[in-house]
Amino acid sequence: MRWIKTYLRSSEGIILLTTVLLCVGVTLINPVFCSAPNLLDLIRNSITTGLFALGVYTALLSGGIDVSFTAVAAFSMYGTVKLFVLINPHAPLWLIFIVAALIGAVLGGFNAILIALFRLPTLIVTLGTLSLFRGLLLTFLGTKHITDIPDAMLQLSRSYLYRGRLADGSLFSLPATSIAFFVVAVLIALLVRLTMLGRAIYAIGGSELASIRLGLPVVKVKFFIYVLIGLIAGITGIVHSSQARVANPFDLVGSELNVLAAVVLGGTRITGGRGSVFGTLVGVFLVTMINNSLVLLGVPSYWERCVIGLLVLIGAGVPILVQRVQHNRNRAVLVTEANRQKQHLQDQATSDP
Amino acid sequence: MRAPVLQNVNLSVRPTSIHCLAGANGSGKSTLIKIIAGTLESDSGKVELNGHDVTKLNPLARINFGLSVIYQDFALLPNLSVFENITFLDSVSRRRKWVDFRLLRREAAEILARMKVEIPLDALVEDLPVANQQLVAIARALKNRSKVIIMDEPTSALTNREVKTLFQIVHSVRSAGVSFILVTHKLEEIYEICDEVTVIRNGEVVNHGPIADFTTAQLSEAISGRQIRIERLQPPEPSAGTVPLLEVIALTGVPAFNDVSFTVKPGEIVGLTGLLGSGRTELALTIAGKNKPSSGSIRLAGENISLRNVRDAQRHGIGYIPEDRLSEGLFLEQEIFDNMLIANLKRRLSFGLLDKHAIRRDGDEWIRRLDIKTQSGHDPVQTLSGGNQQRVLIARYLDLKPKLLILNGPTMGVDVGSKHDIHLLIAELAKAGTGLIVVSDDLPELLSISHRILVMAGGKLSNQHSAQGLDLEALSREVTLE
């Protein structure tokens with residue numbers, strides 16, 4: 001029982017509780033919320049934010065930040081679609097994903113060079129490249145919407161993991177693109193929990209200086225993080241435009257703050273070293289739910305922004321305050337324990353001849 | 001060409017011995033350690049570990065040869081658990097790719113059991129007290145099969161009792177086949193723990209040998225390069241009839257201290273000591289206006305005062321010099337002048353703007369009076385040695401012309417020579433009529449400068465002694481046994 005109490009006091013716990021309470025509250029007011037169509041709809045709408053959030057999560061975990069991922073995604077998505085429309089509209093899906101991921105990784109690599117090699121501040125770099133990549137996209141690749149996207153992407157948009165029909169005949173579904181979300185989430189979770197590379201990301205977020213002294217390859221790890229974010233962004237771009245069945249170069253950019261809000265709400269510290277994949281997923285779900293479900297409550301949609309803003313302040317602020325109090329208390333407990341133990345050692349020393 | 005920081009230094013450490021590297025601030029100890037660790041390159045000379053020449057190897061390779069350096073900040077990962085911290089370095093040097101928490105936890109538990117210490121394995125390192133963080137750092141070195149552990153000023157952040165525990169652990173680890181190099185300038189500690197000592201001064205080895213070959217006087221002279229007698233420095237005690245400057249009456253600050261009463265006369269130096277958790281720092285902070293008392297009263301020159309914050313206290317003429325001058329006191333990157341006068345800039349305005357001329361004049365005056373060694377008052381504080389930084393901080397509070405000055409650990413991390421100078425300064429202030437409270441763990445220091453010594457234990461004032469004729473042994477026993 002104690003761990004439940006501790007958990008509910010962590011940022012992740014507080015947000016999970018808020019999410020559950022909000023779900024219950026919304027359901028009580030409007031039972032439609034808890035219906036299968038609405039819930040599947042929520043998942044569908046979390047896919048893009050969720051994929052982005054998983055990437056940004058790794059940056060925040062290492063004590064950095066990335067705001068350029070939307071531009072990277074838009075660039076790789078539009079570039080890839082345009083390329084395949086020109087050379088082979090019938091290319092297989094895996095090839096499209098690989099090309100987009102590669103373009104994303106190259107753009108992410110540009111961030112990585114500036115951040116890891118030149119040791120420039122992450123916010124400045126990615127703020128710069130956000131604008132730069134978007135500018136390059138609109139200037140050189142074009143501004144027209146592409147509606148005749150490659151066959152495989154159209155195919156993807158019509159593939160479902162699950163499909164149901166309501167009594168009134170309307171359809172609802174879980175799209176196949178959610179597989180991408182699921183796979184990336186599992187891979188990132190495995191990365192940060194079970195590999196030394198992932199623990200190194202935590203370590204760097206905790207103390208970069210200590211990580212250097214421990215001989216961790218800090219430059220390589222950082223390089224990896226920003227390339228990874230670019231790669232995920234590339235995949236996200238294709239997932240997103242498949243769902244929308246259009247390659248829109250003006251799409252995606254502008255949603256950075258929403259994604260960041262989701263990650264921070266999920267309990268990942270903006271100062272690094274703290275946060276989990278599960279928390280991030282909860283944060284994503286909460287943000288999507290607010291964006292989608294307030295309408296069900298009859299709340300005017302302008303309120304969404306206010307609510308998300310308030311949640312970020314409360315959801316990320318309260319745990320910090322709680323932890324500050326707890327930290328002091330823990331310290332006091334540990335100090336008494338330490339003293340007791342020292343007394344014990346001293347007694348031993350005096351009783352030894 | 002710049003003068004070399006180190007010249008022709010020879011240092012050899014026997015297997016399973018505790019070797020002390022002693023020297024004043026700025027003598028080159030830290031540079032020597034960095035060269036041994038491999039983070040700095042020497043211009044000439046060799047470093048050998050177990051007979052292997054490692055001069056050309058990088059720090060990580062040297063770690064794998066069995067060398068560990070525990071810096072003052074321990075280089076721990078605050079956001080990770082105790083067991084992960086203990087095993088992290090080992091996992092890195094084994095080039096592990098995957099993490100098995102169960103295995104790591106078991107390995108860490110084994111190491112701690114070998115050291116005979118109990119630290120909760122799952123606690124986050126940032127939640128641990130400093131003393132336990134240090135033990136985690138030692139455990140990490142052992143986990144990595146270190147043969148030589150270098151500790152930089154290992155006791156500077158510990159209380160007396162924690163130092164005792166640390167030394168017991170160092171002894172037991174040594175018996176298991178590990179050598180230590182302890183960097184320190186505290187004479188008592190050198191005698192208590194070390195087998196051999198190497199003293200460096202101005203970048204050269206001035207003396208070395210088994211500790212038994214040195215007397216305290218020889219050692220302190222070797223370190224500081226001048227003769228220092230441990231002497232009673234306090235000025236004549238103020239006469240019995242003097243009206244108290246500060247009266248603390250039944251002061252209580254829940255939960256740290258309870259029902260504390262004492263007085264300080266003008267020109268009197270009162271020492272305040274006690275273990276970690278005894279409430280002494282909280283008491284000092286309360287008188288300085290930083291913490292609010294739960295009950296009781298503070299009277300200054302016969303009048304009840306209530307202090308809402310530090311500025312309030314300063315207005316009443318109470319100055320407080322914090323323990324941790326780096327994080328609480330000084331702006332390291334800013335000019336010496338600005339650091340000195342920041343608390344009292346109002347006095348140096350002309351037409352509402354800062355009067356640069358007045359600042360220079362007053363700043364230079366303090367540099368001269370406190371004998372701060374610097375090229376220019378415009379240099380950043382971080383260019384100064386520890387002792388001189390401490391003087392800059394003292395200057396700041398003296399500039400406020402306090403009636404009562406509270407100094408918390410005034411000579412912590414300061415070398416023998418500077419320490420003596422700071423003591424003289426304190427005595428001089430008392431002579432001029434300032435009341436002083438000196439909070440310190442350093443009992444010889446308190447004996448040498450205070451008129452009276454207050455001992456706190458478990459939040460209570462357990463005893464008051466006149467320093468006259470007080471015996472160090474007796475006082476030390478009283479403080480450590482509570």
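Mentor: Two strands pair if DSSP finds at least two bridges between them. Strands are DSSP runs of E, at least two residues, and helices are runs of H or I, at least four, numbered from the N terminus.

Trainee: And what am I looking at?

Mentor: A predicted model, where local features need pLDDT of at least 70 and side-chain atom pairs 80 or more, while totals for chains, interfaces and linings use all residues. Residues count from 1 along each chain as written, with chains lettered from A and ligands numbered from 1 in written order.

Trainee: What makes β1(A) and β2(A) a pair?

Mentor: Strand β1 (residues 160–165) and strand β2 (residues 171–175) of chain A share five bridges, and at least two are needed, so they pair. Their sense is antiparallel, and Arg163(A) stands opposite Ser173(A) in β2(A). Together β1(A) and β2(A) form a hairpin with five residues between them. In the turn, Gly169(A) has a positive phi of about 95°.

Trainee: How do you know that β1(B) and β6(B) pair, and in which sense?

Mentor: Again five bridges, here between residues 18–22 and residues 179–184 of chain B, in the parallel sense. Ala22(B) stands opposite Thr184(B) in β6(B).

Trainee: What makes β4 and β8 of chain B edge strands?

Mentor: Each pairs on one side only: β4 covers 67–70 and β8 covers 204–210. The open sheet has six strands in the order β4-β5-β6-β1-β7-β8 (chain B), with mixed pairing. Neighbouring strands of this sheet are turned by 15° against each other on average, direction ignored.

Trainee: Over in chain A, why are α9(A) and α11(A) described as they are, in terms of angle?

Mentor: Their axes (lines fitted to C-alpha atoms, for helices over the stretch in contact; angles from 0 to 180 degrees between N-to-C directions) cross at roughly 105° and come within 10 Å. That angle falls in the 65 to 115 degree range, so α9(A) and α11(A) are roughly perpendicular to each other. Helix α9 spans residues 196–206 and helix α11 residues 218–244.

Trainee: Which residues of α9(A) and α11(A) meet?

Mentor: From α9(A) come Leu197(A), Ala200(A), Ile201(A) and Ile204(A), and from α11(A) Val218(A), Val221(A), Phe224(A) and Ile225(A). Contact means C-beta atoms, placed from the backbone, within 7 Å.

Trainee: What classes make up the contact of α9(A) with α11(A)?

Mentor: Eight nonpolar residues, no polar and no charged. Ala, Val, Leu, Ile, Met, Phe, Trp, Tyr, Cys and Pro count as nonpolar, Asp, Glu, Lys and Arg as charged, and the others, Gly among them, as polar.

Terms used. Parallel < 35°, antiparallel > 145°, perpendicular 65-115°, else oblique. Contact = placed C-beta atoms within 7 Å.
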